[in-house]
Amino acid sequence: MQKAIALLKEYDLLRVIDEPLDIDLEIPHVAYIEVKKEDSKALLFTNPVSKRLDKKFSTPVLMNVFGSHKATNLFIGKDADEIAAEIEDLLKLKPPASLGEKFGMLAKLFSLKNVFPKRLSGRGECQSIVLEGENVNLYDIPILKTWPQDGGPFITMGQVYTQSLDGERKNLGMYRLQVYDKNRLGMHWQIHKDSANFFHEYKKAGKKMPISIAIGGDPLYTWAATAPLPHGVFELLMYGFIKGESARLVKSITNDLYVPFDADFVIEGLVDPEKMEIEGPFGDHTGYYTLEEEYPVMDVTCITQKQDPVYLATVVGKPPLEDKYMGWATERIFLPLLKTTAPDLIDYVMPENGVFHNLIIAKMKTLYPGHAKQFMHAFWGVGQMSFVKHAIFVNEDAPDLEEYEDLSDYILDRVQVSNILISEGVCDALDHASDDFAYGGKLGVDCTADNVFFPQKEIISDDELFALIQELDEQIVGIKQYKTYTKTPICVIGIDKKEPVKNLYEKLSAVKAHTKLLVFVDHDKNDLENPYMLLWRVVNNIDARRDVFLQKEFIGIDATNKGAVENFPRRWPDDTDCDTEVIESLRKRNIINVDDDFLKRFYI
């Protein structure tokens with residue numbers, strides 16, 4: 001962390017805040033706003049305090065360490081596409097045909113010796129101070145409470161190290177960790193993760209499961225913890241591959257797990273598979289609170305740390321956030337591995353306001369009728385891609401996937417009802433819109449054809465269309481049209497909902513001559529002039545089985561919050577909204593310097 005801080009300073013990517021700020025809400029709110037700026041920087045808070053605990057901390061808090069493309073490239077050490085090319089070369093290795101090729105292959109294979117983690121003897125820097133038994137106190141670490149409705153403080157950048165019951169398989173993951181008290185943590189590993197699979201092995205054997213949580217050290221450890229590697233592959237192998245040197249590990253003090261020697265903190269403990277406790281709520285990266293659920297509990301046996309540690313944390317909520325940049329690196333680096341399952345894939349992008357797993361746009365080489373729909377099933381069956389809710393496929397002649405204005409025109413000129421596929425399958429456990437936990441609708445849209453015929457729509461002004469629509473139903477409060485020059489003009493409709501949206505959609509068939517795609521949102525929660533946040537709302541709030549309505553070239557999407565009107569079976573969570581008083585206090589003290597338009601633009 002000290003080297004990371006020095007590197008950030010060298011490249012003018014760090015802002016140091018010396019004013020005392022509270023670990024509850026204040027520090028996270030500052031970081032939340034900073035990372036949304038175009039010139040965002042990492043933040044080092046040198047004087048964290050806690051009014052709740054009546055405490056000052058000597059440990060500084062570092063946030064937004066991956067808060068820009070430049071910072072992300074610095075910590076990865078190479079261009080992400082360069083790493084992807086190296087992976088692709090390895091995947092294409094063939095038996096050598098000549099002596100020169102043999103030497104070339106030997107050189108490549110020799111370089112891979114550094115992929116594997118190296119176990120050191122003795123203690124590491126992370127174990128300069130060892131606290132066990134009654135000396136264990138999580139409240140001595142400046143662990144943040146991010147959101148007003150959070151169930152407590154949460155560790156948000158913990159590297160969670162686990163292993164299988166037989167010790168053969170290792171895993172590194174990143175899961176939020178709720179602080180229950182001085183020596184207990186809630187373990188929010190999701191049902192599809194390797195750690196959860198290990199947990200069930202221990203439960204079946206009737207044994208407690210050892211866990212070690214590292215915080216800090218080389219930032220690349222933290223990125224590796226998020227890497228979507230195939231089941232059973234230890235994530236620190238990716239660290240070694242990218243870094244060109246082995247991750248150096250030391251044995252934990254109270255269990256057999258190995259952790260990075262240079263971590264700033266290590267929290268060790270055991271999980272009793274028979275003990276579960278309510279975890280949450282927590283304002284997560286979807287921009288919504290995830291609701292209370294039962295999860296395993298970790299009893300902390302030991303905390304070790306460096307002499308002068310830095311506490312690393314992130315803030316999650318509505319986009320754009322730090323995960324924008326971490327996810328960008330993951331996209332680029334893992335493209336070659338995705339191509340092994342979908343060989344005609346050219347490229348893909350997961351827009352940050354689509355919250356990654358909620359929207360993917362993929363460019364492919366289309367070879368035959370139905371090829372894109374075949375791809376959809378391949379995507380929904382591969383590792384973490386199986387969590388993707390909405391997938392749009394475009395042909396190789398489509399614009400660059402990050403040229404969103406041109407790309408959206410291309411897509412809207414190729415959307416037709418017959419090329420829309422609605423399926424179902426596993427969803428991320430954080431998804432709140434589906435009727436069932438971790439299972440719901442999938443939407444696939446084939447936009448690869450360029451010879452699609454559409455009846456011409458008679459475009460009229462917003463005011464004229466609004467007058468027609470409001471005559472049909474008074475629940476409609478406002479409208480905004482987008483992309484009216486394309487073959488799929490969009491009309492976003494703000495409503496004060498009193499009945500199921502499907503009823504409104506059917507009433508509005510009378511205006512199908514003027515528009516093609518109706519998107520319904522709650523008027524009081526959305527800005528109809530803000531397409532960035534409207535997309536965030538739509539892909540978060542729909543389950544395709546329930547909320548997509550199809551007539552011949554007339555499509556409706558219900559992106560409203562669900563509740564009693566729809567007989568929604570679960571509790572709909574609130575948005576992650578900042579505490580207004582905290583924001584105003586930070587503005588008055590000039591800790592944050594943004595205007596009301598900025599706060600409105602990102603639904604802060």
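Select Ala564 to start: this residue is in the loop between β31 (554-558) and α16, where helices (H or I, at least four residues) and strands (E, at least two) are DSSP runs, numbered from the N terminus. Ala564 is exposed, at a relative accessible area of 71%; buried means under 20% relative accessible area, exposed over 50%, and partly exposed in between (1.4 Å probe, protein chains only).

The model is predicted: local features need pLDDT of at least 70, side-chain atom pairs count only at pLDDT 80 or more, and totals for chains, interfaces and linings use all residues. Residues are numbered from 1 along each chain as its sequence is written, and side-chain values use heavy atoms, with hydrogens and water left out.

Next, select helix α2 (residues 26-34) and helix α16 (residues 580-588). They pack at an angle of about 75 degrees, with axes 10 Å apart. Axes are lines fitted to C-alpha atoms, for helices over the stretch in contact, and angles run from 0 to 180 degrees between N-to-C directions. The helices α2 and α16 are therefore roughly perpendicular to each other (under 35 degrees counts as roughly parallel, over 145 as roughly antiparallel, 65 to 115 as roughly perpendicular and the rest as oblique).

Show side chains at this contact (heavy atoms within 4.5 Å). From α2, Glu26, His29, Val30 and Ile33 meet Val582, Ile583, Ser585 and Leu586 of α16.

Move on to the aromatic rings. Rings of Phe, Tyr and Trp (its six-membered ring) pair if their centres lie within 6.5 Å; planes under 30 degrees apart count as stacked, over 60 as edge-to-face and the rest as tilted. The count by this rule is 15 aromatic pairs. Select Tyr532 and Phe602: their ring centres are 6.4 Å apart and their planes at 90 degrees, so the pair is edge-to-face. Tyr532 belongs to helix α14 (residues 531-541) and Phe602 to the segment after α17 (596-601), 70 residues apart. Tyr532 is partly exposed at 24% relative accessibility, whereas Phe602 is buried at 8%.

Then take Phe568 and Trp572, whose ring centres are 5.3 Å apart with planes at 65 degrees, so this pair is edge-to-face. Phe568 is buried at 10%, and Trp572 is buried at 12%. For a cluster, select Tyr288, Trp536 and Tyr603.

Finish with Arg119: its charged end sits over the ring of Tyr258, 4.1 Å from the ring centre (NZ of Lys or CZ of Arg within 6 Å of the ring centre and within 35 degrees of the ring normal). Lys480 lies over the face of Tyr482, 5.6 Å from the ring centre.
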